[in-house]
Amino acid sequence: MAVVWVGGRAAAATLTGMTTLRLSRPADVLTSLPYVLGYHPLHSVVVIALRGTTVGPIQRVDRLVGKDRYPIRLLKQVVRTVRADGSDRVMLVAYDDNPVTQVRGLEKVTTSMTAAGIDVLDRLVVADGRWWSLDCLDGQCCPPGGTPIPSPARTPQLAELVALGVAPVADRDALVDRIEPVEGVAPYQLAALAAVDLSSVEEVYRAWTPLLDLSVAAEHLTEEQAAMVVASAQVYLFRDGILDWLCPGLLGKQVPGASKTVRQRMWGAPPHRGREDAGAGSERLARLMEFARRLPAGHRADLVVMIGAYAWWLGECTIASVCLDRVLGDPMASGGSRDRSALAPGHVLAGLLRRVVDAGLRPRDLVA
């Protein structure tokens, strides 16, 4: 997702190649931010980093559960990420129904940013469908009672997305639910996992075919196929080979053990980013996420990391971040309504991807 900031209060965002948002007012930014994030923030301060005319990392800091303050360690991490990105300005947006924590959160983040030499362009507060600016004293521009946030359907910049049925989910937990087990749907038992034979590259890739080859109808994998997919995702030679097809060049020009001839014979040419129809990428991502939801917790981490890598490659940085947080633990959360322990806190590839996403890097920054 590329975002461009023009004239202090205007922006353009490209959503996975689907459409471009051109924003000119704070209200436009606030209406569009849930679409950029993919969810509606709650009890948090969102930090929008600005690097010249480009928006850098968009981060959030959650308020401590049951308290009216924000953890200092997370504020320091946000500052480090902004500075590492090269951004020199930020826009702050507080989402909270408590006026005290709204202001306190913004003040804390402002102090951290200014101490690091980062200018704060604007500070906005959102509550009950209305917004205020802490820095605007013009009663006509920013009335004391706040200004209603426009309906997305009535915002020209979002009309296309609304017409396509695109909408942010209720909150970040709802986004995490897209890779969580489905209630009432029996998970794979993976009884054959210990006996899986990975000696045939072709057989391994054939098991992955219903997930990756869109010319094949989407279907639930058999227990044997599921066991082979899970087992191969845990072996870096197969994992990297599949990622090399999904995200060409991400892991370098040479991927040990990757049989490109077999992959291309079975699945065709790699789905080059920017050339693939956005709907195709979304469909493949949905298949992978749906499969991950049916896996037992102890066998999900490697596949969730692969989903995160592919989501990042597609420009779905929020989904990528959710996947990596689910594996490593969420560094920006200070507690939440649900107890979701990290699937694999020490996962090496997830840790590397976490640094890439946090730095706001995009595929073009890493792949020539």
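Leaving aside its neighbours within four places in sequence, which residues is Leu212 in contact with? In this predicted model, where contact means heavy atoms within 4.5 Å, Leu212 touches Ile242, Trp245, Leu246, Trp267, Arg284 and Leu288. Residues are numbered from 1 along each chain as its sequence is written, and side-chain values use heavy atoms, with hydrogens and water left out. Local features need pLDDT of at least 70 and side-chain atom pairs count only at pLDDT 80 or more, while totals for chains, interfaces and linings use all residues.

**Nonpolar cores**

- A nonpolar core is a set of buried Ala, Val, Leu, Ile, Met, Phe, Trp, Tyr and Cys residues joined through side-chain atoms within 4.5 Å, and buried means under 20% relative accessible area, with a 1.4 Å probe and protein chains only.
- The largest such core has 78 residues, of which Ile48, Val93, Trp208, Leu212 and Phe291 touch the most other members.
- Helix H11 (residues 301-314) gives the largest share of this core, 12 residues.
- A second, separate core of 19 residues includes Ala49, Tyr70, Leu92 and Ile118.

- Helices (H or I, at least four residues) and strands (E, at least two) are DSSP runs, numbered from the N terminus.
- Strand S6 (residues 89-95) is largely enclosed by the rest of the structure, because 6 of its 7 residues are buried.
- Strands pair if DSSP finds at least two bridges between them; S6 runs antiparallel to strand S4 (residues 44-51), joined by 7 bridges, and Val47 stands opposite Leu92 in S6.
- With strand S7 (residues 119-127), S6 pairs in the parallel sense over 7 bridges, and Met91 stands opposite Asp122 in S7.

Conventions
Buried means under 20% relative accessible area, exposed over 50%, partly exposed in between (1.4 Å probe, protein chains only).
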